[in-house]
Amino acid sequence: MTHDVHIIGGGLAGSEAAWQLARRGLRVRLSEMRGASAGNGGERSPAHQTDGLAELVCSNSLRSDDDEKNAVGLLHYEMRRCDSLIMAAAAKAQVPAGSALAVDRDVFSAEVEAALTAQPGLDIVRERIDRLPEAGLTIIATGPLTAEALAGSIGAATGAQSLAFFDAIAPIVYRDSIDMDVCWMASRWDKGDTKDYINCPMDKAQYLAFHAGLVAGEKTEFKQWEADTPYFQACMPIEVMAERGVDTLRFGPMKPVGLDDPRTGRWPHAVVQLRQDNKLGTIWNMVGFQTKLKHAEQVRLFRTIPGLQNAEFARLGGLHRNTFLNSPVLLDRQLRLRSAPHIRFAGQITGCEGYVESAAVGLLAGLMTAAELTGRDWQTPPRTTAMGALLAHITGDAEAESYQPMNVNFGLFPPPTPEVKKKQRKEAYTARAKADLDLWIPGIVV
Ligand SMILES: Cc1cc2nc3c(=O)[nH]c(=O)nc-3n(C[C@H](O)[C@H](O)[C@H](O)COP(=O)(O)OP(=O)(O)OC[C@H]3O[C@@H](n4cnc5c(N)ncnc54)[C@H](O)[C@@H]3O)c2cc1C
């Protein structure tokens, strides 16, 4: 074997993982299907437009660069401290965008590719890989649009029926922005010992207004290539259900039966339920509320739900084609496939969402693999850092049943102790993360 690690996929995650390994003197084969000859499987995903490594497929923004009040800005900071190639290339390609870090996408991709090409011991091979390798340390970083044959091989290894499907995303709300003077905790028919759901009651007038808002609301259109992807009844967007009849939702996700409102002792006309989304209980998803409504429309309409009038959203709903694993079940804490531990996953295929998050998980996969190859103990990043919080969420802390791609956000972090006033909480999260990162970095900078 001519390499120590095989990385499949030269996007954000694969490029960052390759960098972290190669600069530690390890030999890497980085396989990227774009730019390969036809005989070697060369093809582009439906979203990629170029053959450049680390292509940004849509927006040119790596989002907020504020490392004092914003979780993704904090992730930037942490990645820079770990000598991230993606962050270094972004600095060179930066274009003005206020407090956001936006880049010239061509310069960005060229910077990443030039840095990797110059690394001794790193071979960039333009080839499509169709099967999971049976042996040898491997990082799969083929992204949300993994080529079909490999997706099939991953599906066979993980027991998933199909990995390419419409990813039905329901909005997620920060628990501390929900008005519990209006909502109440209960399970339907008081089943079980625990009161697992937050219930938002609606009277008839509120429900009818909400229904009309769903039907009239502005929606995002499917992209042409998305139209071929299978569509599951279980992932029906809420506004599509609303179009089927005025009461359809009251027999579906907004069903009130078995939910006695403690203030009236009766079932409301309709109920919106929220279910805990992480072990910390800081973020809650709106059950059955997957939607294609435009983001501004979602915020406006969902804040008309009683109890959610001040709701802050950790993530808004959406529906697009995606390939990702049920990582909390399938991967161990080091991103390794439990059933085949020579294989790690990195990037969006693990269920993180976004350019920066994908690159961060690539960075961690590179560091973990480097530790394994050099016989060092792996030190998990502290749970209080953005990298640690994201990793913990993906590898076991998220609820497996409702697992959906997730951006980094403060809801994934353990709340600061002692409790801090809401206004100062973001700064408290970032200050604590930076202090804890200082303790962790010396163990990984080898
Ligand atoms: C349409 C779309 C729009 C998006 N827009 C945004 C956005 O605006 N902002 C944002 O933050 N995030 C966005 N995302 C989400 C996500 O952050 C990006 O998809 C991100 O690029 C994921 O990084 P990655 O490294 O995991 O995958 P990618 O960057 O997609 O890299 C995967 C690489 O693997 C290669 N590959 C695939 N299969 C094989 C194979 N079998 N053999 C060899 N190579 C293979 C691909 O060619 C690709 O280069 C978007 C996703 C999609 C699908």
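User: What does Arg63 count as, going by relative accessibility?
Analyst: At 27% relative accessibility, Arg63 counts as partly exposed. Buried is under 20% relative accessible area, exposed is over 50%, and partly exposed is in between (1.4 Å probe, protein chains only). One heads-up: this is a predicted model, so local features need pLDDT of at least 70 and side-chain atom pairs count only at pLDDT 80 or more, while totals for chains, interfaces and linings use all residues. Residues are numbered from 1 along each chain as its sequence is written, and side-chain values use heavy atoms, with hydrogens and water left out.

User: OK. Which strand is Arg63 in, and what's its phi?
Analyst: Arg63 sits in strand β3, residues 61-64. Helices (H or I, at least four residues) and strands (E, at least two) are DSSP runs numbered from the N terminus. The phi of Arg63 is positive, about 65°, although Arg63 is not a glycine. Most residues other than glycine have a negative phi.

User: And what about Asp83, where is that and what's its phi?
Analyst: Asp83 is in the loop between α2 (71-81) and α3 (85-93). Its phi is near 60°, again positive in a residue other than glycine. Asp83 is partly exposed too, with a relative accessible area of 32%.

User: Which peptide bond is cis?
Analyst: The one joining Thr417 and Pro418, with omega about -10°. Pro418 is in the loop between α11 (386-397) and α12 (425-444).

User: Switching to the ligand. How many residues surround it, and which are closest?
Analyst: 32 residues surround the ligand (each with a heavy atom within 4 Å). Glu32, Arg34, Ile129, Gln348 and Gly354 are the closest.

User: Which elements supply at least two shell residues each?
Analyst: Among them are α1 (12-22), β2 (28-32) and α10 (355-373).

User: How far is the polar side-chain atom of Glu32 from the ligand oxygen?
Analyst: That distance is 2.6 Å. There's also a backbone N or O atom of Ala147 at 3.1 Å from a ligand nitrogen, and a side-chain N or O atom of Ser358 at 3.5 Å from a ligand oxygen. Taken alone the ligand exposes 980 Å², and the protein buries 92% of that. Those areas are Shrake-Rupley with a 1.4 Å probe.

User: Back to α10. Why call it largely enclosed?
Analyst: Because 17 of its 19 residues are buried, the rest of the structure largely encloses α10. From first C-alpha to last it reaches 27 Å, close to the 27 Å expected at 1.5 Å a residue; the expected span is 1.5 Å times one less than the number of residues. Gly375 follows α10, with a positive phi near 75°.

User: What does Ala346 touch, outside its sequence neighbours?
Analyst: Leaving aside residues within four places in sequence, Ala346 contacts Ala13, Ile139, Ile140, Ala141, Val361, Gly362 and Ala365. Contact means heavy atoms within 4.5 Å. Ala346 is in the loop between β17 (340-345) and α10, and is buried at 0% relative accessible area.

User: Last one: is Asn285 buried or exposed?
Analyst: Buried, with a relative accessible area of 6%. Asn285 belongs to strand β13 (residues 283-286). Beyond four places in sequence, it touches residues including Pro171, Ile172, Arg275 and Ser402.

Terms used: A polar contact is a pair of N or O atoms within 3.5 Å; within protein, one must be able to donate a hydrogen and the other to accept it, and residues adjacent in sequence count only if both atoms are side-chain atoms.
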